[in-house]
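Please keep the sequence and the structure in view while reading.

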Amino acid sequence: MSKQASSPYSYEPQTPQKKSKTLVIGLTGGIGSGKSAASDWFAEQGIDIIDADVIAHQVVAKGSSTLRKIQKKFGNWVLNGNGEMDRAAVRTHVFAHPEALIELEAITHPAIRETAKLQLAASTSPYVVLSAPLLIEAAEAGLANLCQRILVMDAAVDTQLARASQRDEQSVQKIKAIMVNQLSREERNQHADDVVLNDGNLSDLYLKLEPLHQSYLTLAQQLKYAAD
């Protein structure tokens, strides 16, 4: 499924001739949609996975330049006794002060994007999966623009709530609060090139991912030849 994005979260897919020889698949979806299960399956097929959540933690590691910028912007309270970022304190602060979230993301998003680009350049698999929960929502991070295709994991809201609460033992109210900051299913799917309805068990999911994997391998080969 291919659609032209037209909302404030829109991105502009690049043509293969303008990008590197590596096909990049952006993987996203709401909480409890099965992104991790899909990433794990692709990894088992020998595909490199770049996880934006992991990068987000790496760029604010103790002593990093990004963490120093955050400290300079907000104050020493952002650090705990070990000199690491006090994530709970920062999370509480930006939740109460939306403008602070914008300021924080202005610091972290460029670092996340540059790290992702470095990891993409180092990839050796036939294609790469760039996994990001807010791939579309966080348009200013620019991660979607690193991708040739967007794969959305889709699931009914009730399914999302059930999976997320069982996995993380979070309250339904907390999960709903997270979902408020994410696009609706309909909005997210409008930005997708491929949508997988993950409403069954893992075996069902894998059966749906296999033909996509084969398609991506073909596209990766075509991209490689076009770039030569």
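Asp199 and Lys208 form a salt bridge, with 3.5 Å between the closest N and O atoms; the term requires a side-chain nitrogen of Lys or Arg within 4 Å of a carboxyl oxygen of Asp or Glu. Lys208 counts as partly exposed because its relative accessibility is 32%. On this scale buried means under 20% relative accessible area, exposed means over 50%, and partly exposed lies in between (1.4 Å probe, protein chains only).

The model is predicted, so local features need pLDDT of at least 70 and side-chain atom pairs count only at pLDDT 80 or more, while totals for chains, interfaces and linings use all residues. Residues are numbered from 1 along each chain as its sequence is written, and side-chain values use heavy atoms, with hydrogens and water left out.

The protein has nine helices and five strands. These are DSSP runs numbered from the N terminus, helices being H or I of at least four residues and strands E of at least two. Along the sequence their pattern is β-α-β-α-α-α-α-β-β-α-α-α-β-α. Of the 228 residues in the protein, 43% are buried.

The five strands make an open sheet in the order β2-β3-β1-β4-β5, and the pairing is parallel. Strands count as paired if DSSP finds at least two bridges between them. At the edges are β2 (48-51) and β5 (194-197), each of which pairs on one side only. From one strand to the next the twist averages 25 degrees. Within the sheet, β1 (residues 23-29) and β4 (residues 149-154) are joined in the parallel sense by five bridges. Thr28 has Val152 in β4 as its bridge partner.

Strand β4 also takes part in salt bridges. A search of the whole structure finds four of them. In one, the side chains of Asp194 and Arg149 meet at 3.0 Å, N to O. Asp194 is in strand β5 and Arg149 in strand β4, so this pair ties together parts 45 residues apart in sequence. Asp194 counts as buried, at 10% relative accessibility. In another, the closest N and O atoms of Asp154 and Arg185 are 2.8 Å apart. Here strand β4 supplies Asp154 and helix α8 (residues 185-190) supplies Arg185, so the linked parts are 31 residues apart in sequence. How do the two partners compare in accessibility, buried or partly exposed? Asp154 is buried at 7% relative accessibility, whereas Arg185 is partly exposed at 25%.

Helix α9 (residues 202-227) lies across β1, β3 (127-131), β4 and β5, and runs at about 165 degrees to β5. Axes are lines fitted to C-alpha atoms, for helices over the stretch in contact, and angles between N-to-C directions run from 0 to 180 degrees.

Another packing involves helix α4 (residues 87-96) and helix α5 (residues 98-122), whose axes come within 5 Å and cross at roughly 125 degrees. This makes α4 oblique to α5, since angles under 35 degrees count as roughly parallel, over 145 as roughly antiparallel, 65 to 115 as roughly perpendicular and the rest as oblique. Val90, His93, Val94 and Ala96 of α4 make the contact with Pro98, Ala100, Leu101 and Leu104 of α5, contact meaning heavy atoms within 4.5 Å. By class, seven of these residues are nonpolar, one is polar and none is charged. Nonpolar covers Ala, Val, Leu, Ile, Met, Phe, Trp, Tyr, Cys and Pro, charged covers Asp, Glu, Lys and Arg, and polar covers the others, Gly among them.
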